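User: I would like to learn how to read a few structural features. Could you take me through them one at a time?

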Amino acid sequence: MDLSGATRIVIIGGGQAGAQALQSLRQGGYAGALTLVGDEAALPYQRPPLSKAYMKGEFTEERLYFRPESWYQDQNIDVILSTRATAIDRANCKVTLAHGGQLDYDALIIATGSRPRTLPAKGADLKGVHDLRDLSDVERIRPNMISGNRMVIVGAGYIGLEAAAVARQMGLDVTVLEMAPRVLARVTSPVMSEFFEHEHRAQGVHILTGARLDHLDGADGQLAAAVLADGTRIEADIALVGIGILPNEELAKDAGIACNNGILVDRDARTSDPRIFAAGDCASRPLVHYGRSGRLESVHNAIEQGKLAAAAILGKPRPTEDCPWFWSDQYDLKLQIAGLSQDYDELVVRGDPADRKFAVFYLRAGTLIAVDAINSPAEFVASKKLIMSGAKLAPDALSDTSTPMKDIAAAALAA
Amino acid sequence: MAKITYKHHDGTEDVVEATNGESVMEAAVKNSVAGIDADCGGACACATCHVYVDEAFMDKIGEQQEMERSMLDFAENVQPNSRLSCQITVSDALDGLVVTTPESQH
């Protein structure tokens, strides 16, 4: 469907994807009505620093915002904050808002993001138990980030470990509870898990793997302790829950748009309704370098799909689909990830984890599919190119640290 | 405060009053300067805020760290005066800085 004559575009969701779509539409020359509906009180902001520098107080709130308020006025964008979209009437091309108002659209972008999984345990609603997703969550958490306070983190994913690093650096007593036998079990290899466990333990974080939380114990509605299934009791002043996220797909599903663990979209970020697009955490997209579809929870994905949707609406050529990439900062470690490592059949370590500067390459049938690079930006950047090229790589070439990564990549790309 | 000029390949330019402590990338993005994508928001993870720095300022903008150098190693159209603008911190010493944006960040 040609939407290049659209004069009313509505974006639901003011996160990274929604903000990118706004920018790409205006940069792409779209001059028609543009409305952003967001359920948070704040203008669009960056989420990554929430569990990193912002949580630590090293990054001012003002720096979190993508754009100042004046930008939205200058760009003639109608921003509706603190408002949830409750329904999409596809037959009449209308979005209904929580207070009853309606918005007409010629093209619609759903960028509703995701929400934290709630802890399925008694005591999850006690005061002192927090998710870490929104700016408002961090505002509630930060007053408790006081040296000597005891923090329990449920879930050793990236969010949990980043928060653990910040809390530890601020002098809190930190315990991380993980149900799986290792940290980061869902997202990386045992080599990386072992490395991060070692780092966190060396910093004084108590990491309990294979730990099954039974319930959170409270006194007068306030968190007092985490109690494990084996009876272990861990006293706590504050608890953070980071056990994964769920896509906010209900708005689309209720409108009859195809969903399956995410709103299903094609390479242009278009849903089963040709006037409606979905971008960011809420969407399940073709992963062109992997021959399958899936949901990505990342800045790269949100930005790229925001651009893809804007380009498709404006009838412009499809922007390049980059290989997925991610990053995580913990202590003085910078982890950069390119690609998706699920389904690897061979793993190659380049460098020595003891040097705190190394990379783990993941191959499948001799082709590089992903890298986890610790303080190794050259390995990260080279791998992005190699993954997108589909080049074959010899494991012993990758592990040879006497040859610079740049040369290894150049040789593989020329072959 | 520092006045920064962003020159573009099409001959146009933007002049911005930047605040001390923010990066040259942030000053560009907050003032809607085109040509600096900054996809990662300043985490030195994407190399989409590449600029060419006016020679007169090369010794005032601070040393390149390894992370930045590696990112630039793999960027397109790199020159000796290439920098990632997210890694240049604004200070009074940068008043009058001129940077040029590349034709494309990807």
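**Reading one residue, then a whole chain**

Analyst: Happy to! Buried means under 20% relative accessible area, so B:Thr5, at 12% relative accessibility, counts as buried. Keep in mind that this is a predicted model.

User: Where in chain B is B:Thr5 placed?

Analyst: B:Thr5 belongs to strand 1 of chain B, which covers residues 2-7.

User: Which residues does B:Thr5 touch, leaving out those up to four places away in sequence?

Analyst: Contact means heavy atoms within 4.5 Å. For B:Thr5, the list holds B:Glu13, B:Asp14 and B:Val15, together with B:Leu97, B:Val98 and B:Val99. A C-alpha distance is another thing to read: B:Thr5 and B:Asp54 lie 49 residues apart along the chain, with 10 Å between their C-alpha atoms.

User: Let's turn to chain A. How many helices and strands are there?

Analyst: Chain A has twelve helices and 26 strands. Its radius of gyration is 22 Å, close to the 22 Å from the globule rule for 415 residues, so chain A is as compact as a globular protein of that length. Along the principal axes, its C-alpha atoms fill a box of roughly 65 × 60 × 35 Å.

User: What share of the residues of chain A count as buried?

Analyst: Of its 415 residues, 56% count as buried. As for the surface, chain A exposes about 16,800 Å², with 48% supplied by carbon and sulfur atoms.

User: And where are the mean positions of the charges of chain A?

Analyst: Chain A carries 43 positive and 52 negative charges, and their mean positions are 3 Å apart.

Terms used: Residues numbered from 1 in each chain as written. Chains lettered and ligands numbered in written order. Predicted model: local features only at pLDDT ≥ 70, side-chain atom pairs only at ≥ 80, totals over all residues. Heavy atoms only, no water. Helix = DSSP H or I, 4+ residues; strand = E, 2+ residues; numbered from the N terminus. Buried < 20%, exposed > 50% of the residue type's maximum accessible area, 1.4 Å probe, protein only. Rg over C-alpha atoms; globule rule 2.2 N^0.38 Å. Areas by Shrake-Rupley, 256 points an atom, 1.4 Å probe, with all protein chains shown as cover. Lys, Arg positive; Asp, Glu negative; His and termini not counted. Charge placed at Lys NZ, Arg CZ, Asp CG, Glu CD.
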